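This briefing is for a reader who wants the computed geometry of one protein chain, with the cut-offs behind each term. Please look over the sequence and the structure first.

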Amino acid sequence: LGLALYAGSLCAVSGAAFRYHDYCIIGAGPSGLQAAYFLQQAGRDYIIFERSHAPGSFFALYPRHRKLISINKQYTGKSNDEFNLRHDWNSLLSHDHRLLFRRYSRDFFPNADAMVHYLEDFASLLKLRVQYNTAIIHVTLERDEQAWNGHYFLLTDQDRQNYKCSSLLVATGTWVPNVVNFPGSEYVEGYETVSINPEDFAGQTVLILGRGNSAFETAENILGVTNFIHMVSRSRVRLSWATHYVGDLRAINNGLLDTYQLKSLDGLLEGDLEDLAIVKDEKGKLHITLRFYLENRNTSAGINSITLPQDELDNFATRAPYDRVIRCLGWKFDFSIYNRSLRMMPGKGNKKKYPQIKPSYESRGTRGLFVLGTASHSIDFRKSAGGFIHGFRYTTRAVHRLLENRHHGVPWPSTVYPITQLTNSIIKRVNEASGLYQMFSVLADIILLRENATAFEYLEEYPVGVLAELEMHTGRKAPSGLFVIIMEYGRNFSGADKDVFYYNRAVGEAQHAWQSNFLHPVIYYYKRLPTEHEMRLRPPDWPLPRPDAIHHIVEDFLTDWTAPNAHILPLRRFLENCLSTDLRNFFAESCFLFAFTRQKLPPFCQQGYARMQGLVGSEGLRRHAAEAGLLEDYALTDFSGNGPPDSHDGSQDQLLTDHAIPVRPLQHLVNAKDE
């Protein structure tokens with residue numbers, strides 16, 4: 001009994017030592033602050049743990065040369081806030097218009113210090129609950145059947161303070177430098193510590209390991225003062241304008257490509273870095289050789305006793321010695337703080353720098369652990385923008401909506417419209433929505449059809465990777481089929497080896513819309529919700545399984561999909577064929593005629609004219625409709641009722657002037673005329 005009481009007292013003390021929150025967020029970077037904003041708006045219990053004294057500590061150091069490559073477009077010619085976010089790659093989502101990044105910098109490529117200032121204001125003005133100077137050093141699980149996910153997350157900080165959470169949101173990003181170990185790697189300087197003063201490189205010969213934006217950013221900074229710069233990496237250079245992936249080399253940093261191709265001494269090489277070796281001579285010069293030349297040799301014996309490649313091949317590319325070698329290989333996720341019980345495993349292949357997660361952004365190993373921000377980029381790596389602010393601000397919102405439904409019974413936000421608004425709803429979203437535009441092929445709008453297709457329910461920006469689980473994740477039902485609206489590039493348009501500037505690269509005619517190359521809307525129609533098995537067997541490079549019907553809205557040079565003939569009419573015809581209904585708008589006169597000549601009225605007449613809805617007509621509107629050929633011309637008719645005997649007392653024309661009969665305004669009736 002004494003032992004039991006003692007053990008119980010220990011448990012009580014241990015339990016009291018934990019500070020509990022429903023949601024714990026690790027990291028006060030952009031994704032952590034974005035998640036906190038949504039939790040705070042929903043009135044949830046949460047806390048952010050930030051190891052630094054301020055938010056966005058990554059941007060306090062990186063990029064080293066302080067110029068961001070995320071665009072900050074001040075003007076678009078539009079006043080629509082949602083549309084403008086398509087070209088604002090730095091702002092987080094909030095209700096506060098003061099927190100738009102264009103108010104912090106007018107530069108197209110802003111200085112990173114502006115981002116630090118912006119994130120500080122975002123946290124303080126919105127009063128987000130951030131606990132600074134708190135480094136989480138260990139995370140483990142405590143099994144409990146009463147917990148939301150069957151367990152609690154136990155966190156420990158550097159001061160041995162313990163915290164308990166029901167749900168864990170990891171927003172730490174990727175900040176551990178990638179390091180390649182090879183003989184002589186101790187002579188290599190890291191991107192994180194190398195000097196950013198160009199004068200320190202004056203008259204020097206430099207080798208850069210890496211081929212990404214950090215490597216080219218470093219080269220750009222010293223391009224004008226070095227003897228020459230060589231750059232070596234395992235893969236060939238990938239240009240973002242060819243791959244349509246914003247993480248590949250951007251034009252702002254590619255000056256070295258000019259000096260290489262125009263034969264101004266600088267150059268690019270391909271090779272496996274793990275096969276390299278560096279030998280330092282007595283003058284401090286660094287010689288590049290291959291690892292196998294050093295096998296079974298004593299490197300401390302001096303360079304003269306070591307075989308170099310140029311000893312056998314006198315035109316070996318890197319035979320000239322270097323003054324400095326700089327490592328610019330990017331970053332990876334920090335797995336070290338997670339206990340094995342969480343089963344946080346790295347991805348495979350080129351995704352090994354990210355943790356393994358599901359398309360719902362939940363860890364594959366632990367329920368209730370979600371990865372946000374840059375660290376979640378494995379979902380759309382080298383495809384979309386999920387590793388960057390202008391992408392993960394939307395995926396973070398999607399995760400929040402999933403959590404709201406799972407833990408609090410709040411269904412995914414939706415709006416119900418009559419079926420007559422289907423075409424208009426799609427056209428509005430594809431022309432304005434920023435989440436669809438930035439997270440192309442990853443987030444989609446879902447249209448759930450009601451019974452008999454008389455109405456539909458519209459859900460915005462749902463992760464397509466978990467489409468099969470839509471009913472579980474959203475709390476919405478899809479009994480009568482659905483449309484999925486997504487943005488896509490052409491199937492064979494993007495790639496490091498593609499010529500994206502070839503003649504006739506764009507399609508302009510609606511009948512060839514399926515061959516569109518540039519970003520354009522695609523509508524998938526399913527008679528029933530796809531299954532998980534169908535999702536797994538979808539064709540390569542397809543975001544979704546084969547649908548029952550598919551429609552491409554032809555690409556547009558202005559990304560303005562509002563042309564009546566090229567965009568709206570083909571879309572409406574596609575929707576009508578899928579639903580076996582007529583989605584046109586009609587004047588009251590046509591609805592009146594249909595009521596006597598058809599067994600079934602079109603939906604517009606059923607939901608408008610037959611219910612006495614709409615706007616009353618006017619003489620000016622009637623005259624305009626007659627000139628457009630949409631109505632018969634009654635201009636010669638005497639509306640006073642004093643006309644000739646064969647006018648039947650003006651009964652037919654009186655129908656048009658009777659205020660009880662609604663007539664829709666022309667601007668809503670662009671498709672009113674029978675095709």
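Predicted model: local features only at pLDDT ≥ 70, side-chain atom pairs only at ≥ 80, totals over all residues.

Residues are numbered from 1 along each chain as its sequence is written, and side-chain values use heavy atoms, with hydrogens and water left out.

**Whole chain**

- The protein chain has 20 helices and 22 strands; helices (H or I, at least four residues) and strands (E, at least two) are DSSP runs, numbered from the N terminus.
- Of the 675 residues in the protein chain, 52% are buried, where buried means under 20% relative accessible area, exposed means over 50%, and partly exposed lies in between (1.4 Å probe, protein chains only).
- The accessible surface of the protein chain is about 32,400 Å², and carbon and sulfur atoms account for 50% of that surface; areas come from the Shrake-Rupley method with a 1.4 Å probe, and for residues only the protein chains shown count as cover.
- Taking contacts in the protein chain between residues at least 6 apart in sequence, 66% join residues at least 24 apart; a contact means heavy atoms within 4.5 Å.

**The six-stranded sheet**

- Six strands form an open sheet in the order β17-β19-β18-β20-β21-β22, and their pairing is antiparallel; two strands pair if DSSP finds at least two bridges between them.
- The edges are β17 (414–418) and β22 (549–552), each with a single partner strand, so one side of each has no neighbour in the sheet.
- From one strand to the next, the twist averages 20 degrees; axes are lines fitted to C-alpha atoms, for helices over the stretch in contact, and angles run from 0 to 180 degrees between N-to-C directions.
- Seven bridges pair β20 (residues 482–488) with β21 (residues 520–526) in the antiparallel sense, and Phe-483 has Tyr-525 in β21 as its bridge partner.
- Helix α11 (residues 389–408) lies across β18 (443–449) and β19 (455–463), at about 120 degrees to β19.
- Helix α12 (residues 422–432) lies across β17, β18, β19, β20 and β21, and runs at about 20 degrees to β19.

**Leu-482 in the sheet**

- Leu-482 belongs to strand β20 and is buried, because its relative accessible area is 0%.
- In sequence, Leu-482 and Ile-446 are 36 residues apart; in space, the C-alpha to C-alpha distance is 6.9 Å.
- Neighbours within four places in sequence aside, the residues in contact with Leu-482 include Ile-446, Ile-447, Leu-448, Leu-449, Tyr-524, Tyr-525 and Tyr-526.

**Disulfides and other cysteines**

- The whole structure contains two disulfides, a disulfide being a pair of cysteine sulfur atoms within 2.5 Å.
- Counting bonded cysteines along the chain, the pattern is 1-2, 3-4.
- The link of Cys-24 and Cys-165 is left-handed, at -70 degrees about the S-S bond, and both Cys-24 and Cys-165 are buried.
- Cys-591 and Cys-605 form a disulfide with an S to S distance of 2.0 Å.
- This pair is 14 residues apart, with Cys-591 in helix α17 (residues 588–597) and Cys-605 in helix α18 (residues 603–607).
- The link of Cys-591 and Cys-605 is left-handed, at -80 degrees about the S-S bond.
- Cys-591 counts as buried because its relative accessibility is 0%, and Cys-605 is buried at 0%.
- Cys-328 is buried at 2% relative accessibility, and Cys-578 is buried with a relative accessible area of 15%.

**Ser-166**

- Ser-166 sits in strand β6 (residues 162–170) and is buried, because its relative accessible area is 2%.
- The side chains of Ser-166 and Tyr-20 make a polar contact at 2.5 Å; a polar contact is a pair of N or O atoms within 3.5 Å, where within protein one must be able to donate a hydrogen and the other to accept it, and residues adjacent in sequence count only if both atoms are side-chain atoms.
- Not counting residues up to four places away in sequence, Ser-166 touches several residues, among them Tyr-20, His-21, Asp-22, Trp-148 and Phe-153.
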